[in-house]
Number of protein chains: 2
Amino acid sequence: MLTKQTRERGRATGVDEPTATALKLWVVLSRAHASVLGHAQADAARHGLTLAEFGILEALYHKGPLLLGQVQRTLLVSSGGTTFLVDRLERKGLVERRDCPGDRRARYAVLTPRGERLVREIFPAHADAIRRAVSGLTPAEQRQATTLLRALGRTAAEGGASGSRTRRARSRRPAVDGRPAGA
Amino acid sequence: MLTKQTRERGRATGVDEPTATALKLWVVLSRAHASVLGHAQADAARHGLTLAEFGILEALYHKGPLLLGQVQRTLLVSSGGTTFLVDRLERKGLVERRDCPGDRRARYAVLTPRGERLVREIFPAHADAIRRAVSGLTPAEQRQATTLLRALGRTAAEGGASGSRTRRARSRRPAVDGRPAGA
DNA sequence: GTCTAGCGTCTCAGTACTGAGATATTGGTC
DNA sequence: GACCAATATCTCAGTACTGAGACGCTAGAC
């Protein structure tokens with residue numbers, strides 16, 4: 001079944017069936033992500049924001065002041081990227097840096113009143129854009145997909161163990177964790 | 001339930017439940033994608049290739065010569081990006097351009113023997129890296145996730161319809177379609 | 001007190017692209 | 001045959017980052 005399809009024009013893939021299944025998943029995962037990403041980016045762009053900027057604003061709104069290192073880990077950007085993004089948001093007057101009382105190396109990012117107002121204004125429409133983007137699945141299917149992707153992401157993030165189901169380090173994160181720049 | 005969690009430190013999200021479900025899915029989708037992407041990129045980088053370059057090589061290997069426009073649509077890169085990537089692969093001696101006999105605007109990208117040898121050498125290990133990265137799910141779960149993500153991606157790509165399940169334009173693509181730069 | 005390993009942030013050069021517009025063809029339509 | 005909208009590729013300036021290293025600070029060992 002696989003052989004027939006991959007053969008049609010080029011060379012055979014020559015992978016075994018579990019691997020073919022994995023590759024197929026990777027393809028549709030990438031495409032699904034790219035499609036939803038497009039919607040999320042387009043919505044953020046309507047307000048002159050990149051999705052990374054939007055993600056920072058939203059994280060600060062929902063979680064309160066965050067150390068730059070926390071921002072970095074939450075948004076999954078590089079340390080240089082964090083500095084760059086917060087600089088830009090600061091220039092736009094949406095975010096401020098504040099010294100951390102207990103640790104003079106560290107600094108907080110905090111929403112300015114203007115930044116807070118902006119998030120309050122644009123977040124609902126953004127959330128709705130996401131809702132529409134994923135509306136190809138019913139809510140029940142969405143929950144199912146969430147469960148599967150959570151398990152997938154956990155293993156992949158830990159290094160992608162080869163054996164079956166690694167049981168380790170559960171409950172290190174609060175399960176719900178506003179992250180991917182726009183949620 | 002949602003309110004409690006999102007309230008804990010910052011402000012309430014203020015979205016209804018279906019939207020909260022959608023946002024949660026978007027978060028885990030992004031994280032899962034980022035994690036697997038990391039593995040795929042790392043493997044491509046071992047051979048001095050970006051994932052986009054790898055994707056082109058692999059597409060040419062499995063499908064045979066492709067017009068640049070076809071490469072663009074398959075890999076989901078911009079037209080400028082296609083030129084850029086094929087240029088670079090040409091400089092590396094892995095790909096060649098060939099005129100299209102029937103249309104003098106168009107040009108084919110074709111693997112050189114060296115390019116073909118390279119893909120043959122590195123593809124199995126790459127496929128295995130993907131397999132390990134997604135091994136947090138059993139093959140059965142992977143198939144289930146694939147089905148869900150396929151439906152999700154289809155709707156999102158069409159513009160993210162709001163109503164329930166849009167039934168349109170099926171069968172425009174061969175269902176399996178080697179794409180996301182590394183599969 | 002004095003090291004020293006390690007963390008948190010910033011700097012900066014580099015990179016892999018994107019997007020808009022330019023150029024060359026093509027396949028109709030009149 | 002002349003026109004023209006559509007298509008295929010290329011050019012190029014711009015962008016949103018990444019990654020490696022620098023710097024200042026902290027905290028634990030002695």
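## Confidence

Chain A has a mean pLDDT of 85, and 80% of its residues reach 70 or more. The pLDDT falls below 50 over residues 162-179 of chain A. That stretch still has 18 contacts in the model beyond near neighbours in sequence. Where pLDDT is low, the predicted coordinates should not be read in detail. This is a predicted model throughout.

## Helices α4 and α5 of chain A

Two packed helices are described by the angle between their axes and the distance between the axes. The axes of α4(A) and α5(A) cross at roughly 110 degrees and come within 9 Å. Angles of 65 to 115 degrees count as roughly perpendicular, so α4(A) and α5(A) are roughly perpendicular to each other.

On the α4(A) side, the contact is made by A:L68, A:V71 and A:Q72. They meet A:S79, A:T82 and A:V86 of α5(A). By class, the contact of α4(A) with α5(A) has three nonpolar residues, three polar and no charged.

## The sheet of chain B

Chain B has an open sheet of three strands. Their order is β1-β3-β2, and the pairing is antiparallel. β1 (66-67) and β2 (95-99) of chain B each have a single partner strand, so one side of each is left without a neighbour in the sheet.

β2(B) pairs with β3 (residues 107-111) of chain B over five bridges, in the antiparallel sense. B:D99 stands opposite B:R107 in β3(B). Helix α5 (residues 79-91) of chain B packs on this sheet and touches β2 and β3 of chain B. The direction of α5(B) makes about 115 degrees with that of β2(B).

## Around DNA strand C

DNA strand C has 22 residues around it. Those that come nearest are A:L68, A:G69, A:G80, B:G80 and B:G81. α4 (68-75) and α5 of chain A, together with α5 of chain B, each supply at least two residues of this surface. The largest share, five residues, comes from α5(B). Seven residues of the surface near DNA strand C are nonpolar, nine polar and six charged.

## Around DNA strand D

DNA strand D is surrounded by 22 residues. The closest are A:G80, A:G81, B:L68, B:G69 and B:G80. Here α5 (79-91) of chain A, with α4 (68-75) and α5 of chain B, each supply at least two residues. α5(A) gives the most to the surface near DNA strand D, with five residues. This surface divides into seven nonpolar, nine polar and six charged residues.

Notes: Residues numbered from 1 in each chain as written. Chains lettered and ligands numbered in written order. Predicted model: local features only at pLDDT ≥ 70, side-chain atom pairs only at ≥ 80, totals over all residues. Pairing = 2+ DSSP bridges. Helix = DSSP H or I, 4+ residues; strand = E, 2+ residues; numbered from the N terminus. Contact = placed C-beta atoms within 7 Å. Axes fitted to C-alpha atoms, helices over the stretch in contact; angles between N-to-C directions. Near = placed C-beta within 6 Å. Nonpolar A, V, L, I, M, F, W, Y, C, P; charged D, E, K, R; others polar. pLDDT = per-residue confidence, 0-100. Parallel < 35°, antiparallel > 145°, perpendicular 65-115°, else oblique.
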